[in-house]
Number of protein chains: 2
Amino acid sequence: MNRKVKKGLVIVNTGNGKGKSTSAFGILLRAWGRGFRICVVQFIKAETGQWGEIKAAKKLGIDWFTTGDGFTWTSKDMDETIAHAINGWEIAKEKIASRNYDVIILDEFTYTLHYGWLNTDQVIEWLKANKPEDSHLIITGRDAPPALIEYADLVTEMLEVKHPYQKGIQAQPGIEF
Amino acid sequence: MNRKVKKGLVIVNTGNGKGKSTSAFGILLRAWGRGFRICVVQFIKAETGQWGEIKAAKKLGIDWFTTGDGFTWTSKDMDETIAHAINGWEIAKEKIASRNYDVIILDEFTYTLHYGWLNTDQVIEWLKANKPEDSHLIITGRDAPPALIEYADLVTEMLEVKHPYQKGIQAQPGIEF
């Protein structure tokens, strides 16, 4: 029994507004403050390593994986985006099943389900069978499928009320990336 | 001219859902990853210092103030909650005007405005006159007043879709505090 986590939650941050990933990173910060073991698997985003959160995670000693980690190109028939999604999910499954983490974040994971790169029902069935009861799982991204919302314990929708691009203001480092 | 911040944004995270504060802390993590100077003034919350985010901020060397910092009881006629709000705003004004920070977070600040402990119009007038153009200001809390939303550049509403208390699950350390 994990002494730190009483009941592992499945948390989903979805919606068209800001704060889906940053909220997950805020929980990461909280959990790190408490000495939890944390892992992030980041889907979709370009792997420049120049994101503020990746710089921070490296400094904090948090395990951070992207869909390109360990990626080998095995099929010429497969779209590279889909291949990355599948590779990322393989990494995620390994980390979840390892029991080495108290909190695992699958950042921007919903897109792999929404666009059908992975099968939502199979993903949820795997999680039901394999996610440790005493670890938290946080999934972010727009358009979370209904089956994922049904499976989750805590779901928040981030709604855009006002955005600086409406004033022609560019994305700001440290805030948006 | 601050070399890091191109255009200082006023960001408001409001709504009845989770993720208002944690999203601000996620931005804090991003900004810290980029070497920004960060300050948090936390309103409302009890000052036990046992919150995961305070533990983390201490480890990271981030300046963190609560409304009790430097607080002296000056009036027997004033409600203590209001006195704390006023004291917190004095701290916030000093930190904002100091130009010592690239990112300042006023966590749970909206309550001081919504409940009328501070005058919303006066607060916004002060910010318009004194907030450095090249620093970001992040304000969190439910019920952000319309005038604050009007003043802000980026506003997100966090909506509760599903919450674990509906299943009778308690708040979890590292996740909710």
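In what order do the 12 strands of the open sheet run? In this predicted model, the order is S3(A)-S2(A)-S4(A)-S5(A)-S1(A)-S6(A)-S6(B)-S1(B)-S5(B)-S4(B)-S2(B)-S3(B), with mixed pairing. Strand S6 (residues 154-162) of chain A and S6(B) are joined by 7 bridges and run antiparallel. On the side of chain B that touches chain A, H1(B) supplies the largest share, 12 residues.

**Chain A: composition and order**

- Chain A contains 6 helices and 6 strands.
- Read from the N terminus, the elements of chain A follow the order β-α-β-α-β-α-β-α-α-β-α-β.
- Chain A has 177 residues, of which 48% count as buried.
- Among contacts in chain A with a separation of 6 or more, 81% are between residues 24 or more positions apart.

**The sheet**

- The pairing in the open sheet of 12 strands is mixed. Strand S3 (63-66) of chain A and strand S3 (63-66) of chain B stand at the edges; each has a single partner strand, so one side of each lacks a neighbour in the sheet.
- From one strand to the next, the twist averages 15°.
- H1(A) packs on the sheet, where it touches strand S1 (10-14), strand S2 (38-42), strand S4 (103-107), strand S5 (136-140) and S6 of chain A. The direction of H1(A) makes about 165° with that of S4(A).
- In chain B, H1(B) lies across strand S1 (10-14), strand S2 (38-42), strand S4 (103-107), strand S5 (136-140) and S6, and runs at about 165° to S4(B).
- Where S6(A) meets S6(B) in antiparallel pairing, Glu160(A) stands opposite Thr156(B).

- Thr66(B) in S3(B) is the bridge partner of Gln42(B).
- The covered face of S3(B) carries Trp64(B) and Thr66(B), whereas Asp63(B) and Phe65(B) are on the uncovered face.

**Contact between the chains**

- The contact involves 51 residues of chain B and 51 residues of chain A.
- H1, helix H2 (52-60) and strand S6 (154-162) of chain B each contribute at least two residues to the side of chain B that touches chain A.
- Classified by residue type, this side of chain B has 22 nonpolar, 15 polar and 14 charged residues.

- Helix H2 (residues 52-60) of chain A and helix H1 (residues 20-33) of chain B have axes that come within 7 Å and cross at roughly 80°. H2(A) is therefore roughly perpendicular to H1(B).
- On H2(A), this contact is made by Gly52(A), Glu53(A), Lys55(A), Ala56(A) and Lys59(A); on H1(B), it is made by Leu29(B), Arg30(B), Ala31(B), Trp32(B) and Gly33(B).
- The residues where H2(A) contacts H1(B) comprise 4 nonpolar, 2 polar and 4 charged.
- The axes of helix H1 (residues 20-33) of chain A and H2(B) likewise come within 7 Å, crossing at roughly 80°. H1(A) is therefore roughly perpendicular to H2(B).
- Here H1(A) contributes Leu29(A), Arg30(A), Ala31(A), Trp32(A) and Gly33(A), and H2(B) contributes Gly52(B), Glu53(B), Lys55(B), Ala56(B) and Lys59(B).
- The contact of H1(A) with H2(B) has 4 nonpolar, 2 polar and 4 charged residues.

**Helix H2 of chain B**

- Gly52(B), Glu53(B), Ile54(B), Ala56(B) and Ala57(B) are the buried residues of H2(B).
- The cover over these buried residues includes H1 of chain A, together with H1, S2 and S3 of chain B.

**Nonpolar core**

- The largest nonpolar core has 92 residues, and those touching the most other members are Leu28(A), Ile38(A), Val103(A), Leu28(B), Ile38(B) and Val103(B).
- Leaving aside residues up to four places away in sequence, Leu28(A) touches Ile38(A), Val40(A), Ile62(A), Val103(A) and Ile105(A).

Note on methods:
Residues numbered from 1 in each chain as written. Chains lettered and ligands numbered in written order. Predicted model: local features only at pLDDT ≥ 70, side-chain atom pairs only at ≥ 80, totals over all residues. Axes fitted to C-alpha atoms, helices over the stretch in contact; angles between N-to-C directions. Helix = DSSP H or I, 4+ residues; strand = E, 2+ residues; numbered from the N terminus. Parallel < 35°, antiparallel > 145°, perpendicular 65-115°, else oblique. Contact = placed C-beta atoms within 7 Å. Nonpolar A, V, L, I, M, F, W, Y, C, P; charged D, E, K, R; others polar. Pairing = 2+ DSSP bridges. Core = buried A, V, L, I, M, F, W, Y, C linked by C-beta atoms within 7 Å. Buried ≥ 20, exposed ≤ 12 C-beta atoms within 10 Å, placed from the backbone.
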